[in-house]
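I wanted a quick look at one helix and at the charged pairs in this model. These are my notes, in the order I looked things up.

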Amino acid sequence: MQVRFWGVRGSIAVSGAEFLGAGGNTTCVEVVHDGHRIILDGGTGLQPLGASLGCPADATLLFTHVHWDHIQGVPFFAPAFHPDSHLTLIGAPGLRDALASQMRPPLFPITLDAFRAQLSFVEPRAEEDFEVGPFRVSTLQMPHPDGVVCYRIAAGGRSLVFATDVEHGEKLDRRLLDFAEGADLLIHDAQYTRAEYAGEQGPCRKGWGHSTWEQAVEAANRAEVGKLALFHHDPTRNDRALAVVESIAQHRHHGTFAAREGAVVAL
Ligand SMILES: [Zn+2]
Ligand SMILES: [Zn+2]
């Protein structure tokens, strides 16, 4: 499997010189194996991903949830406008309605009907495994405002876990540790620092639906994963601050790196 990061930012896209290293686009990750493609979330990173694919294109999009930072790239996904593209969109019930809601005047000039691609919407049953081409996909629902789905994707004897927008609370959620057990790559929410989460720096972020980078590292160690990608960076986390977090985190789990736009991981 090859994993490529197209958007690593959480909450809102950012721009500016201090963010160029990690990039400013919101969540979007591409997973390719044996010519088949899964796209995890459709944040603003989906726009450059679509441009790279050309038209037409075939892909399966897995959505963790439908908060803006995970769907705003969908109206700008070029392959969706080509009649020979085949796109499968998978997510929790309500996915189609949410995507239609953000593409509706006066919020947006065109509707979902403008997509000419062959679209199919699939709502897998909660926590039931399914297959996408050569990929075996498992799901886990985790605490987050309005809910979130984590995905475990296995192919070719390798596996990755996508756990963005998850809030453990005071103790790590045992279910996620079991779900991620032994994965080759864990992509984990690392929006806050422990001090930010606790309200020692700025407002208390408890209940906002996210993890700290310290929790991400602890989860990686306890689940004994190979690599850990710190993900869903806070919009205030500039490259300098992210590099500091990354270097400390690497001492606690050697396979850790901060997800950056354009980074490719071969599993
Ligand atoms: Zn988010
Ligand atoms: Zn969210």
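**Helix H6**

I started with helix H6, residues 239-252, in what is a predicted model. H6 has 14 residues and runs 20 Å from its first C-alpha to its last, close to the 20 Å expected at 1.5 Å a residue.

Next I asked which residues of H6 are buried. I got Leu 242, Val 245, Glu 246 and Ala 249. These four cover an arc of only 100° around the axis, so they sit on the same side of H6. I noted that Glu 246 is on that buried list.

Then I turned to the other side of H6, where Arg 240 and His 251 are exposed.

What covers the buried residues of H6? I found H5, strand E12 (227-231) and strand E13 (256-258) among the elements that do.

**Salt bridges**

I moved on to charged pairs. Opposite charges on side chains can pair when the charged atoms come close. I count 11 salt bridges in the structure, and I wrote up a few.

*Arg 37 and Glu 30.* The side chains of Arg 37 and Glu 30 meet in a salt bridge at 2.6 Å, N to O. Arg 37 comes out at 23%, which makes it partly exposed.

*Arg 136 and Glu 131.* Here the closest N and O atoms are 2.8 Å apart, again in a salt bridge. Arg 136 is partly exposed at 36% relative accessibility, while Glu 131 is exposed at 57%. I also looked at what else joins in: Asp 129 is linked with Glu 131 and Arg 136 in a network of salt bridges.

*Lys 206 and Glu 170.* I have this salt bridge at 3.4 Å, N to O. Where do the two residues lie? Lys 206 is in the loop between helix H4 (194-198) and helix H5 (213-222). Glu 170 is in the loop between strand E10 (158-163) and helix H3 (174-180). The pair therefore ties together parts that are 36 residues apart in sequence. For accessibility, I have Lys 206 as partly exposed at 41% and Glu 170 as exposed at 67%.

**Back to H5**

Technical notes
Residues are numbered from 1 along each chain as its sequence is written. Chains are lettered from A and ligands numbered from 1 in the order in which they are written. This is a predicted model: local features need pLDDT of at least 70, side-chain atom pairs count only at pLDDT 80 or more; totals for chains, interfaces and linings use all residues. Side-chain values use heavy atoms; hydrogens and water are left out. A salt bridge is a side-chain nitrogen of Lys or Arg within 4 Å of a carboxyl oxygen of Asp or Glu. Buried means under 20% relative accessible area, exposed over 50%, partly exposed in between (1.4 Å probe, protein chains only). The expected span of a helix is 1.5 Å times one less than its number of residues. The arc is that of the directions from the helix axis to the C-beta atoms. Contact means heavy atoms within 4.5 Å.
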